[in-house]
Amino acid sequence: MEDDAGYRRKEIKELIPPSDDYARKLYTADPLRQGYLRSAVRELRLPRGSRGLDLGCGIGLQEPILADEIGPDGHITGLDISTPFLDYASRIMEIYGMQGMTSFVRGDIYDLPFDDNAFDWIWSADCAGYQTREPHGLIKGLSRVVKPGGILSILMWSSQMLLPGYPLLEARLNTTSSGIAPFSREMSSGLHFLRALGWFREAGLQNATARTFVGECSAPLSGDDRESLIDLIDMRWTDVQPELEPEDWKLFQSLTRPDSPQFILDLPDYYAFFTATLFYGRVP
């Protein structure tokens, strides 16, 4: 008999139509991220029965992880700018049987539609802190809705090695606009997301802390891992052809197309890792 996790994944996959390419990639790339996401959430030691806000919740894939930490008496509010994503999230919570401890709100992280001190904690993965021009103002705005002593946390993708044996190609990919995102070439160094400890401290948060978590995978790859890596590579280096030399683009295509005889995921010794960095502190 199929286990509950496998059954739920099948239901979620059927929920998202093939035409919604980005939402499906979020879903397919999720299994590779589960390990480090759980480790990062455990690092925060969220109180049982607490009320939290998930900023940029997307299609709600992290709500079950957060719910495991706070227990059935807690509550999670997910906020996202995308109405279709929120619709998916609500239906995914039905699949998990979590409708009672979750709610979803459309809104902008720069103009939160909540009262002061509304939450015990904020969690944001791959959203808050990305491409912001005023990080200190953003952190202060987020802190407004967290109770004194509560936790503000931001998790961001920070590195990867997905093309083993091709470090020069991967280095060149990482210098493209997609590769350095969420940074951009015209931004000052202080706006790079790995400077977030300074953002937290300047905004007045206490005990500002940074921790990096690692995810990894190796051959033989399961079907889910292969699908996850294909979409992860595609999301990591999107529309890079104009910024690559022709020979680099040709090599990239040959390594990452599943129909290519050089498809890198077919290597019997394939190994990859990726990291995400968590920044968190307490509201005074």
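A crossing of two helices is called right-handed if the near helix is turned clockwise from the far one by less than a right angle, and left-handed if it is turned anticlockwise. The legends below refer to a predicted model.

**Figure 1. Crossing of helices α2 and α3 in the predicted model**. Helix α2 spans residues 21–44 and helix α3 spans residues 63–70. Their axes come within 10 Å and cross at roughly 35°. The crossing of α2 and α3 is right-handed.

**Figure 2. Residues at the contact of α2 with α3**. From α2, the residues Q34, L37, R38, V41 and R42 take part. They meet I65, L66, D68 and E69 of α3.

**Figure 3. Salt bridge between K25 and D234**. Side chains of opposite charge can pair when their charged atoms come close. The structure holds twelve salt bridges, and one of them joins K25 to D234, with the closest N and O atoms 2.1 Å apart. K25 belongs to helix α2 and D234 to helix α9 (residues 223–236), so this pair ties together parts that are 209 residues apart in sequence. K25 has a relative accessibility of 12% and therefore counts as buried, the limit for this class being under 20%. D234, with a relative accessible area of 34%, is partly exposed.

**Figure 4. Salt bridge between D126 and R33**. The side chains of D126 and R33 meet at 2.4 Å, N to O. R33 is situated in helix α2, whereas D126 lies in the loop between β4 (119–125) and α5 (135–143); the pair therefore ties together parts that are 93 residues apart in sequence. R33 is buried, with a relative accessible area of 14%. D126 is partly exposed, its relative accessible area being 29%.

**Figure 5. Salt bridge between R257 and D259**. The closest N and O atoms of R257 and D259 are 3.2 Å apart. R257 counts as partly exposed at 36% relative accessibility. D259 counts as exposed at 64% relative accessibility, because the class of exposed residues begins over 50%.

**Figure 6. Network of D21, K25 and D234**. Salt bridges that share partners join D21, K25 and D234 into one network.

Terms used: Residues are numbered from 1 along each chain as its sequence is written. This is a predicted model: local features need pLDDT of at least 70, side-chain atom pairs count only at pLDDT 80 or more; totals for chains, interfaces and linings use all residues. Side-chain values use heavy atoms; hydrogens and water are left out. Axes are lines fitted to C-alpha atoms, for helices over the stretch in contact, and angles run from 0 to 180 degrees between N-to-C directions. Helices (H or I, at least four residues) and strands (E, at least two) are DSSP runs, numbered from the N terminus. Contact means heavy atoms within 4.5 Å. A salt bridge is a side-chain nitrogen of Lys or Arg within 4 Å of a carboxyl oxygen of Asp or Glu. Buried means under 20% relative accessible area, exposed over 50%, partly exposed in between (1.4 Å probe, protein chains only).
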